[in-house]
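Thanks for coming. Please have a look at the screen.

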Amino acid sequence: MPEGHTIHRLAARHRALFAGRAVRVASPQGRFAAGAARLDGLTLIDTEAYGKHLFHHFEGAATLHVHLGLYGKFADGEPPVPAPVGQVRMRMADERHWLELRGPTACEVLDPGLVAALRARLGQDPLRDDADPRIAYARIATATRPLFALLMDQAIVAGCGLIYANEVLFRAGLPPTIPGRLIGAQRWDELWSDLRALMKEGVLSGRIDTVHTAHTPEAMRRAPRVDRHGGEVYVYRRPGQPCLVCGTPIARGPLAGRNLYWCPACQASAAG
DNA sequence: TGCGAATGCGGAG
DNA sequence: TCCGCCTTCGCAG
């Protein structure tokens, strides 16, 4: 779930449900008691996604900040609220809808200064119109770290997660371990554009599908391989299986503490 | 029934 | 670089 496209979808969903309305906010689990007490009864002004971070801006300049982490999940619906399953960190509701949050890494109320500080340490979000890929490239162009690690660095590219990082590198034909400083400006522009297109498609469809999102002609006639998340991917979680383009077994290895997947043949060249 | 892994991240070492 | 955390799910036993 939680790559940037998911958070942008949630921001839009929560805006549609609650923006402009006074909401009840509760802490069924007890771990969000102080925050819930501060927000309860206030009007939600607007919602916003920045990378993998979700913000609910309330009247009075209080902002609810949520980061789902690896396990966090939202659910919503119309009354009545269903019987509780597991631990509910936060519940938000008005007379028309309820919203529940479970298992997040972060669920806290922030003042404007802290929101600004948080945003300041995030890099460029491909899904935001105010993103500037040249700011990200300034970091890429001087980096000795692998390009894969740079894409995963939220201080450089905000919102790109493991699946998008693996898949965009495959689509670019770039070896994941290539140092950032070997990536030319034009190559970076192409990579950024492709990542942005993939993530925008993800926002629209609610799933990551890197095979059927506009790519090369030969890519469009691959046998579909549906993964657990409901999308179709070239390399992510396909170790040992044949590359959809050339048939070479997909390789897998740890990099920067994460699972890296790549086609040794299609991504062998460092040219570009 | 219990274990490990999972789209993430931060802190300790 | 490793570990712990939070929760859910699939699979082995």
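Helices α4 and α7 are oblique to each other, because their axes pack at an angle of about 125 degrees. Oblique is what remains once the other classes are taken out: angles under 35 degrees count as roughly parallel, over 145 as roughly antiparallel, and 65 to 115 as roughly perpendicular. The two axes are 10 Å apart. An axis here is a line fitted to C-alpha atoms, for helices over the stretch in contact, and angles run from 0 to 180 degrees between N-to-C directions. Helices (H or I, at least four residues) and strands (E, at least two) are DSSP runs, numbered from the N terminus.

Before going on, the ground rules. This is a predicted model, in which local features need pLDDT of at least 70, side-chain atom pairs count only at pLDDT 80 or more, and totals for chains, interfaces and linings use all residues. Residues are numbered from 1 along each chain as its sequence is written, while chains are lettered from A and ligands numbered from 1 in the order in which they are written.

Back to α4, which is residues 133-140. It passes α7 in a right-handed crossing. Which residues make the contact? From α4 they are P133, Y137 and I140, and from α7 they are A185, W188, D189 and W192. Contact means that the C-beta atoms, placed from the backbone, lie within 7 Å. By class, this contact has 6 nonpolar residues, no polar ones and 1 charged. For the classes, Ala, Val, Leu, Ile, Met, Phe, Trp, Tyr, Cys and Pro are nonpolar, Asp, Glu, Lys and Arg are charged, and the others, Gly among them, are polar.

Next is α6, residues 162-172. Its axis comes within 10 Å of that of α7, and the two cross at roughly 130 degrees. That makes α6 oblique to α7. The crossing of α6 and α7 is right-handed. Y164, E167, V168, R171 and A172 of α6 meet L191, D194, L195, L198 and M199 of α7. Those residues divide into 7 nonpolar, no polar and 3 charged.

Then there is α1, residues 4-18. The axes of α1 and α7 (residues 185-205) come within 8 Å and cross at roughly 45 degrees. That makes α1 oblique to α7. Here G4, H5, H8 and R9 in α1 meet M199, G202 and V203 in α7. The count for this contact is 2 nonpolar, 4 polar and 1 charged.

Now the DNA. How many residues surround DNA strand C? There are 11, and the closest are Y71, G86, Q87, R102 and G103. A residue is near a strand if its C-beta atom, placed from the backbone, lies within 6 Å of it. This surface divides into 3 nonpolar, 6 polar and 2 charged residues.

Two backbone details to finish. The peptide bond from P79 to P80 is cis, with omega near 5 degrees, and P80 is in the loop between β5 (73-77) and β6 (90-93). A61 is not a glycine, yet has a positive phi of about 70 degrees. A61 sits in the loop between β3 (53-58) and β4 (63-67).

Technical notes:
Two residues are in contact if their C-beta atoms, placed from the backbone, lie within 7 Å. A crossing is left-handed if the near helix is turned anticlockwise from the far one by less than a right angle, and right-handed if clockwise.
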